[in-house]
Amino acid sequence: MGFFGYEILNDLIKVKIPKQKETNFPKGIFYKPEKIINLNENLHYQPKKINKIDNKFKINIDIKNYTKIFDKFKKKIKKGETYQIKICTKYRNKSKIDPLDYFCRLTKTNLAPEAFFIKDKEYSIISCSPETLIIKKGNSISTKPIAGTLKKNSKLDKNKALNYFRKNIKETKEHNMIVDMERNDLSRICRPGTVKIAKEKIVEEYKDLFHYVSLINGKLNKNIKTVDIIKAMMPGGSVIGCPKISTLNLLNHQEKEERNIYTGSFGYIKFNGDMRFNIIIRSILNYRNISEISVASGVVIDSNPKNEFNENFIKAKALIDLYK
Amino acid sequence: MIYVIDHKDSFTHNVVHQLSLFDHVECDDFSKVNKSKLNQADTIVFSPGPGSPKDYPLSSKIYKKYKRKKRIIGICLGFQQILFCEGADIVQQNKIYHGFQSEVLVNKSSKLFDAGTKFKVGRYHSLKLKEPFDVENFDITMRCAISGAAMSFENNIDKIYGFQFHPESFLTINGKLLIKKILSA
């Protein structure tokens, strides 16, 4: 059980990353569980009286620079070098945190299907990831990409959110692209004719937002190894852009700071080869008392930088709120 | 055997799966094409991919070498690659279609599909064919119902076919049928 960071996933599919600002955080860590404990679902948590953290989060790319990068990638889209690309921004502060307390408070307000928590000597990860990248049982495999985010307000419900997404051509196109890309990635390792869209464009509800989601299934080819699955599916396409390889190359030449865990995958591999992995988004990495929250949203031909910049903030907000 | 030449696209394996319904398919990266597979293949398929045809001189070379010797199919970038090799200009379009479902209309020059038929198809392209394009035996057989942009061509003499849209996309209704027709033409 553990995680692959972004860099190691690039290495696996032979995509190079030029020299970036490094924090020396490990590229991936896996643990062998000694004891497995099932927790009661109705756990009650009484938050501690914590000291407010005064250190405000600093963002590494401001709106001006974000717009510049955005315009550059829009040109690349016009030339056909990429169809959709996700610019990553990072929020950082210096903070000594009690990770378990943070995680418990986060799950109380924002229980996500792929949430996880790691506490080790030098680092902790607190995550409310909503996105499942791989569920593999026997020869069945599925993935559940998210593409499309809508901020909640008092007038919106699930049905209205669905209507919004359906009518919004930009969100629809972005989502379509991801569905075809995930079908493709599954097709690399699945038997022809078995890759099927089980749920097409549905809405899921979270604390601050609605997501536009699809579910795609397949049956694995014989003799597919664990590493083949990892290489076909990771890094998860919905958080990178499309097509994957050329878009990764564009991203890696743009981003000056390493992504660390962000857009990597956390999960487990059983001894029988079954596995489950998420995509590491909506996560805090606290390493040597520096907290880092990364977010990204997509540049497609008809997106605009202000909206995407704000969408990034919406995505980070639930995590930043924990520090208040 | 169908040999798919992959231009590092995130849709190529959808193409491979669709073609696998009809024949044995092999697929390699455009930079690692295997000569004996090329020679064994009955059909060569140029996959979709990022960028423009001029970025893939190796694929152009293969096209020119195997034209008239094998059935050749191009999808999206592959469609443009073939036309580029035939002397066409491939240019940026004003409106860009990525993940877009639109209607294409079959015209009278098609020998495989009935004129007037409309298909709902998935599109992922920044570039398009610059027209007029007039090369012997190449007919533009489908066009975007709205913009009129070239969406497919047929060369039934040399058995060369291309789709600007993606027959393998889930956005294309009856994509299997489109592929079946050009494979059995």
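Student: Which residues does Ile82(B) touch, if we don't count residues up to four places away in sequence?

Tutor: In this predicted model, Ile82(B) touches Phe46(B), Tyr63(B), Ile72(B), Gly74(B), Ile160(B) and Gly162(B).

Student: What makes those pairs "in contact"?

Tutor: The cut-off is 7 Å between C-beta atoms placed from the backbone. Phe46(B) is one of the residues that Ile82(B) touches, so their C-beta atoms lie within 7 Å.

Student: Why are S5(A) and S6(A) called paired strands?

Tutor: Pairing needs at least two bridges. Four bridges join S5(A), residues 116–119, to S6(A), residues 123–127, so they pair. They run antiparallel, and a hairpin joins them through three residues. Take Phe117(A): its bridge partner in S6(A) is Ile126(A).

Student: Now the two chains. How many residues of chain B are in contact with chain A?

Tutor: 27 residues of chain B are in contact with 31 residues of chain A. H1(B) gives the largest share of chain B's side, six residues.

Student: How does that side of chain B divide into nonpolar, polar and charged?

Tutor: Ten are nonpolar, 15 polar and two charged.

Methods:
Residues numbered from 1 in each chain as written. Chains lettered and ligands numbered in written order. Predicted model: local features only at pLDDT ≥ 70, side-chain atom pairs only at ≥ 80, totals over all residues. Contact = placed C-beta atoms within 7 Å. Helix = DSSP H or I, 4+ residues; strand = E, 2+ residues; numbered from the N terminus. Nonpolar A, V, L, I, M, F, W, Y, C, P; charged D, E, K, R; others polar.
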